[in-house]
Amino acid sequence: MVVRGHRSAGRAIPDCATCLIYDGRDRNRQASLHAKWLKFFVGPSGDNEIPLLKFANGTRFYLGFDLVMKILLISPQTPDTFWSFKHAIRFVARKASMAPLGLLTVAAMLPPEWQLKLVDLNVEKLKDEDLRWADYVLLGAMIVHKDSVREIVARCAAFKKTVIAGGPLFTTGHEAFPEIQHFVLGEAEDLMPQVVADIKSGRLQSLYSTTHRPDMAHTPMPRWDLINFKYYVTMSVQFSRGCPFDCEFCDIIVMNGRVPRTKTPAQLIAELDGLRVRGWKDMVFIVDDNFIGNKPRTKALLRELIEWRRRTGTGIGFLTEASVNLADDPELCALMVASGFKKVFVGIETPSVEALAECHKVQNNNRDLVDSVKTLQRAGLEVMGGFIVGFDSDQSDIFKRQFDFIQRSGVATAMVGLLTALPQTRLWQRLKKEGRLEVESSGNNTDAALNFKPKLNRDFLESGYRDLVKKLYEPGNYYRRIRTFLKSHRPAGPRRPLSRADFFAFLKSFWVLGVLHRGRVGYWRLFIGTLIRRPRQFPHAIELAILGYHFRRMAKAV
Ligand code: B12
Ligand code: SF4
């Protein structure tokens, strides 16, 4: 019989899955291949195939078969921290804040005929039968998942399953996982064809990596079919990777580079449409490193998004991450708001100009940061902010300065973290050179644990950090911040229809925040005040109140 293969001196070379069936030299491999599903196919032969049938008109056909692999994709458990939103998620009866987009994207790079199953440990348990079923396990993780990763890998080992690991955790530190045999480091687009070929041939290499940054125009549409939307609060998509700035502590530029690369607007809109036709109506997080890294392309996308909204009448709203210079571009802000953006996460970091200079956050320096935040709020965007304490130049008054700064800005969702040296960043390299690097980062910059020797006294810094976080989320201060925000915020752009989940979350908040919780006075003041003075902002105010409940629970645990 003639099979598809690579022609060499008139015979098929056993370097692809098909031909391995005939490769009697490797008894083990042959036995395992018999246990797998096969996909047969007939097709017109190209130059590389040996024809099975030849018709009189010269058309030639070949018969081939491929292995249909069973791939288990696992997303590890995210610990409960500020970022897990665990206590807020309960209000909307969902299980996790976001779906694992990295794995969903990698899944789309596998042959479509392979059988895939995705287990996100944040929404379901990993069953023994899942592991038994799988031929290979694909694991995607960030640093904060370390512990969960070790547990998963141990379970895979017990079932003798081969693990292929990828994602930020491994890209920046795969050496810490000697128990894993196969890694895909960096962006997977250019590497997966080889990984797939090697899986088929049973000759997986231990390391796949490249310094080349793939063109995102070739990134496939995520495999939404692998997840159940009802478990998640937000869906995520990605338009660009990379950021033009060069902040010392940032590992994004280590992983994704400083030249922003984007998908085409048509590509992103197809992804959003994929979500829409599957019934998604809620928020979508555009998880770019910096959504405005390449402003002309962002504007081109936004113009098409506005048109897409008009055409489809979708109620989907957006949130994203961007640098603070967004505030300098009113046209960009207006386009974002008109296309349905409601929130933007901005790395505000610190009121200290010395610290901004130290970490090379040039875009934040030489401006009034509170004023920039207010500009964005007036444009119709809620600003969520990242703040950092623990810079070398920080003085003992930094906690008070941060507190006043955050309160004035009206940034309700203030993610305050201790400076963390993430692997391979410029900060990490500098501290290593200075002999100040102590332990690996836990990946969670809100756990009050420094991984380097600070200039300020360690205990002072760690306890000052804890006090700051507690004070920020203390009900009186938090509700005051929401009110400051509501005063500057001018709701604009398409209105998002309230879902059933929103409605139930409101009802639940009446009971939990308005009756049971000690911050009930602040809650009712916000509730009644907003209803009377700013009815359009009422749902937003209650949403923030619910988030505050989560932050307060986490602050207590810090
Ligand atoms: C969305 C997001 C989250 C979500 C995660 C939701 C989820 N289920 O995935 C939430 C909000 C929970 C989150 C939380 C945190 N996050 Co986060 N997050 C992101 C963000 C913005 C997008 C991730 C994403 O979907 N990217 C899009 C996909 C397509 O890209 P990707 O995941 O990198 O995948 C590509 C490759 O890595 C690779 N790949 C990925 N997985 C796999 C798997 C296999 C098998 C293979 C072969 C390849 C592969 O192929 C993909 C395509 O090229 C990234 C930044 C970014 N731009 O990536 C940060 C990022 C991943 N987060 C980060 C951090 C530090 C955190 C926090 C610890 C925050 C903090 N400062 O404390 C918390 C941790 C959670 C906690 N409870 O404490 C860091 C990770 C650093 C690291 N080296 O691990 C990043 C890179 C941002 C940063 N620099 O700070 N985060
Ligand atoms: S602006 Fe944000 S993504 Fe860009 S380098 Fe700085 S911290 Fe990293």
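Me: Which residue just after α12 takes a positive phi?

Reply: This is a predicted model, in which local features need pLDDT of at least 70 and side-chain atom pairs count only at pLDDT 80 or more, while totals for chains, interfaces and linings use all residues. Residues are numbered from 1 along each chain as its sequence is written, and chains are lettered from A and ligands numbered from 1 in the order in which they are written. Helices (H or I, at least four residues) and strands (E, at least two) are DSSP runs, numbered from the N terminus. Just after helix α12, a positive phi of about 105° is taken by Gly340.

Me: In what order do the six strands of the open parallel sheet stand?

Reply: Two strands pair if DSSP finds at least two bridges between them. Strand β6 (residues 70–75) is joined to β8 (residues 115–120) by six parallel bridges, and to β9 by four bridges, also in the parallel sense. β9 in turn pairs with β10 over five parallel bridges. The order of the open sheet is β8-β6-β9-β10-β11-β12.

Me: Why is one side of β8 and of β12 left without a neighbour in the sheet?

Reply: β8 and β12 (207–209) each have a single partner strand, so one side of each has no neighbour in the sheet, because both stand at the edges.

Me: At what angle to β9 does helix α6 run?

Reply: Axes are lines fitted to C-alpha atoms, for helices over the stretch in contact, and angles run from 0 to 180 degrees between N-to-C directions. Helix α6 (residues 146–158) lies across β6, β9 and β10, and its angle to β9 is about 175°.

Me: Which helix gives the largest share of the shell around ligand 1, and where does this ligand lie?

Reply: A residue is near a molecule or strand if its C-beta atom, placed from the backbone, lies within 6 Å of it, and 44 residues surround ligand 1, the closest being Gly102, Gly140, Gly166, Gly167 and Ala188. The largest share, five residues, comes from α4. Domain bounds come from an automatic or database domain assignment. Both domains give residues to the shell, so ligand 1 lies between domain 2 (70–209) and domain 3 (238–488).

Me: How many residues around ligand 2 are nonpolar, polar and charged?

Reply: Ala, Val, Leu, Ile, Met, Phe, Trp, Tyr, Cys and Pro count as nonpolar, Asp, Glu, Lys and Arg as charged, and the others, Gly among them, as polar. The residues around ligand 2 include Cys243, Phe245, Asp246, Asp289, Asn290 and Gly347. By class, the shell divides into six nonpolar, three polar and two charged.

Key
Contact = placed C-beta atoms within 7 Å.
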